[in-house]
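Trainee: Could we go through this model together, one feature at a time?

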Amino acid sequence: APPPPPPAPVLVHAWFPADPLPVPGEDEEAPARKPLDVILRDIPRRLKASAPVATQRRCRQALADARAKLEALGEIAEDDEEAEAKNASKAELEAEIAEEEAALQEADDAYEQLAKSLCAGAHTTRAWVDSLNRYIDAGAREIIPDADRAHTVAVPGTTEPDAPGGGPNARRVVGDADDAAFASDADAAVTNAALLSRVACKAMGTFLAQAHVEKRAPASRTRAETKPVAVPRYEPNAFLGAEAAAARCEPWADAQIAALKPVEGDAVVERLERVIIRWRDTDVPGVARVLQAMTTMGEDPEAPPETRKVGGAYVELDDAGAGALKTLRECAALGVFPAGLIVPAAGAFCASAAKTRAACAEAGVEVIAKDVLMGGLVATKYLGVAATSLAAPSLAAARGTPAFEPLRRILASPGGWDAHARALKELDAAGVGNVETAAVACFLEMDMRVVVTTSLDDAPAFEALEAFLPPRLRAPEPDADDAGAPAEAGAEAGAEAEEASPDEAEAETSPPDPEPSKLDAARRAWDEAYGAAEAGTVAA
């Protein structure tokens, strides 16, 4: 079996457009054909960046290499001393050629299906779909579906005035699958946040149905199958108690799975690989109990993660320091750990956060920094922009966007916008690309994956530079074609190693002293700008 792919360095927190949220209505019909300008502008690039085209390239190269090796073997004489070994190699090459030809035919069929869907699909060339695809092209795989909480979902009324619950009929928006999740609530009592969560997942399901064709890379001998996945967020009210939150885990998971399944097309979501448990106050215990309920639901609590309804869970907190350590200790006491802790990027470099990273490393829990670009405020366009400049963002203009909360915190912090401007200046001075790329690299170099929040109105402005990726996020090296070829060289190297003196051997094997990173100054400026404001629990 091919090795599993490394985790993607970037998670995308996608705020789906609110006007309107991209969910097909009951009476909406797909256009017979896209406008010509859309076809000429967007579709060729999408086809070129698609998984079927990448598979076609790989298969054609593999076929050319295998056929060249087969031709080099030539005719094998019966009296040839190496006839048995050559015949075995010939059989292996012929089997490889047959396998690659079948994979190429599969990729050709997928390409034809993709081309037709791009030209005739109802939502395939919407701006938000294009933006999300560009994030996947940039290396993202896990997508957190969300929407602006200020957006109000239009809930149609019931047809019968005397219907149970009366008033707005929430189930017409969220679907019958949510009945279990809302069983104890009257229709009119269902919160707007709950509706937004389901509607965002429905939008995500529409995208995943398209991505199933466009971005699903088939398995090969060197790389396991990869495809984008949804990572929904479960946000219980911590103050109602852990048991109430734990009891709603399974109905919530059923509702998310149902919402992610498209109305038409293949059912590409049968389970949730990962979810996020959003716990808003680390002073309130209970998150470990909810984590246990979320990751062991089903008839067989001992089932392996690959077969469970929820494969694993991240825990999202508003504190990267003492509160995160408290959560980790609570999980250790119950014997259950999250796949990762998602903590605020703003306080990720302070002294207390360093203790959290050390404790997480000891427990085998990864640390993920959320909203590293602060909703778009960490950007090249704000370099040199003073707080009094007309180009500086305002809270009024940022309302309803991912930048609103980060801007509110920046303006309320001791250093204000001036400290933010100094942090941007240091990121730019690091010389590792633009400001956005340098900010992402600051966290990747410290072995933290990152969450980037976007309203899906543009392409990603950053790159996840391989030079700053920790070893666990790097793709495994492909196996050498000729394993026996370097045997003699290895033997010679071994002989040379025996002749070398112990002092020389120790000098060759000892790791060099780490050099100062060019991003150290940027991290110090980051901590000075945001660390003090994030020292404790911050309500979002």
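Trainee: Which residue stands opposite isoleucine 276 in E6?

Mentor: Happy to start there. This is a predicted model, in which local features need pLDDT of at least 70 and side-chain atom pairs count only at pLDDT 80 or more, while totals for chains, interfaces and linings use all residues. Residues are numbered from 1 along each chain as its sequence is written, and side-chain values use heavy atoms, without hydrogens and water. In E6, the residue facing isoleucine 276 is tyrosine 314.

Trainee: How many bridges join E5 to E6?

Mentor: Helices (H or I, at least four residues) and strands (E, at least two) are DSSP runs, numbered from the N terminus, and two strands pair if DSSP finds at least two bridges between them. Strand E5 covers residues 275-278 and strand E6 covers residues 313-316. They run parallel, and the number of bridges joining them is four.

Trainee: Is H14 roughly parallel or roughly perpendicular to H15?

Mentor: The axes of H14 (residues 404-412) and H15 (residues 416-429) come within 6 Å and cross at roughly 110°. Angles under 35 degrees count as roughly parallel, over 145 as roughly antiparallel, 65 to 115 as roughly perpendicular and the rest as oblique. H14 is therefore, relative to H15, roughly perpendicular.

Trainee: How are H15 and H19 oriented to each other?

Mentor: H15 and H19 (residues 520-531) pack at an angle of about 170°, with their axes 8 Å apart. By that angle, the two helices are therefore roughly antiparallel. Among the contact residues are Ala419 and Glu426 of H15, with Trp526 and Tyr530 of H19.

Trainee: Which residues does alanine 103 touch, not counting residues up to four places away in sequence?

Mentor: Alanine 103 is found in helix H4 (residues 83-120). Its C-alpha atom is separated by 9.8 Å from that of arginine 58, 45 residues apart along the chain. With those sequence neighbours left out, alanine 103 touches Arg58 and Cys59.

Note on methods
Axes are lines fitted to C-alpha atoms, for helices over the stretch in contact, and angles run from 0 to 180 degrees between N-to-C directions. Contact means heavy atoms within 4.5 Å.
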